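Biologist: I'm new to this, so please show me how to read a protein model step by step.

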Amino acid sequence: MNTRNELRAHIQRLLADKGDRERLGDADSLVLSGRLDSVDILQIVVFLESNYSIDFAEQEFDQEDFDSIARILALIELRAPAAGTPQA
């Protein structure tokens, strides 16, 4: 599974847990629209740290960085040690 599909599957699980089964496009707002909240963002941070070795403790981030799949993918590309390559 590629990075986009892994991320999409993770976010769709978070949304499904909230009863949200609406269509999800790469550019659709997740946070500003209210579909995801700060607890969900923390779960995404943990997912990114464990799967892509991104250390958010040493890097600032803005909640808007997590507002869409496209923005999260850009964050992965920018901050992952081996950008876009999941870590074992």
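Biologist: How are α1 and α3 oriented to each other?

Modeller: First, a helix here is a DSSP run of H or I with at least four residues, numbered from the N terminus. Under 35 degrees counts as roughly parallel, over 145 as roughly antiparallel, 65 to 115 as roughly perpendicular, and the rest as oblique. Here the axes of α1 and α3 cross at roughly 130° and come within 11 Å, so the two helices are oblique to each other. The residues that make this contact (heavy atoms within 4.5 Å) are Thr3, Arg4, Leu7, Arg8 and Ile11 of α1, with Ile69, Ile72, Leu73 and Ile76 on the α3 side.

Biologist: What should I know about the model itself?

Modeller: It's a predicted model, with residues numbered from 1 along each chain as its sequence is written. Local features need pLDDT of at least 70 and side-chain atom pairs 80 or more, totals for chains, interfaces and linings use all residues, and side-chain values use heavy atoms, leaving out hydrogens and water.

Biologist: Which way is the crossing of α1 and α2 handed?

Modeller: Look at the near helix: if it's turned clockwise from the far one by less than a right angle, the crossing is right-handed, and if anticlockwise, left-handed. The α1 and α2 crossing is right-handed. Their axes cross at roughly 150° and come within 11 Å, and that makes α1 roughly antiparallel to α2. On α1, the contact uses Thr3, Glu6, Leu7, His10, Ile11 and Leu14; on α2, Asp40, Gln43, Ile44, Phe47 and Tyr52.

Biologist: At what angle do α2 and α3 pack?

Modeller: About 35°, and their axes are 12 Å apart. This crossing is right-handed. Ile44, Leu48 and Tyr52 of α2 meet Ile72, Leu75 and Ile76 of α3.

Biologist: Back to α1. How many residues has it, and how far does it reach?

Modeller: You work out the expected span as 1.5 Å times one less than the number of residues. Helix α1 (residues 3–17) has 15 residues, and its 21 Å reach from first C-alpha to last is close to the expected 21 Å. After α1 comes glycine 19, with a positive phi near 85°.

Biologist: Which residues in α1 are buried?

Modeller: Buried means under 20% relative accessible area, exposed means over 50%, and partly exposed is in between, with a 1.4 Å probe and protein chains only. In α1 the buried ones are Thr3, Glu6, Leu7, Arg8, His10, Ile11, Leu14 and Leu15. An α-helix has 3.6 residues a turn, so residues three or four places apart point the same way. The cover over the buried residues of α1 includes α2 (38–52) and α3 (69–79).

Biologist: What reaches the backbone nitrogen of arginine 4?

Modeller: A side-chain oxygen of asparagine 2, to within 3.1 Å, at the start of α1. That's a polar contact: N or O atoms within 3.5 Å, one able to donate a hydrogen and the other to accept it within protein, with sequence neighbours counted only if both atoms are in side chains.

Biologist: Is aspartate 20 buried or exposed?

Modeller: It counts as buried, because its relative accessibility is 15%. Aspartate 20 sits in the loop between α1 and α2. Its side chain makes a 2.8 Å polar contact with the side chain of arginine 35. A polar atom of the aspartate 20 side chain also lies 3.0 Å from the backbone nitrogen of glutamate 22.

Biologist: What does glutamate 49 touch?

Modeller: Leaving out residues up to four places away in sequence, glutamate 49 touches Ile54, Asp55, Phe56 and Ala57. Its side chain reaches the backbone nitrogen of phenylalanine 56 at 3.3 Å. Glutamate 49 belongs to helix α2 and is partly exposed, at 30% relative accessible area.

Biologist: Where is serine 53 found?

Modeller: In the loop between α2 and α3. Serine 53 has a positive phi of about 55°, although it isn't a glycine.

Note on methods
Axes are lines fitted to C-alpha atoms, for helices over the stretch in contact, and angles run from 0 to 180 degrees between N-to-C directions.
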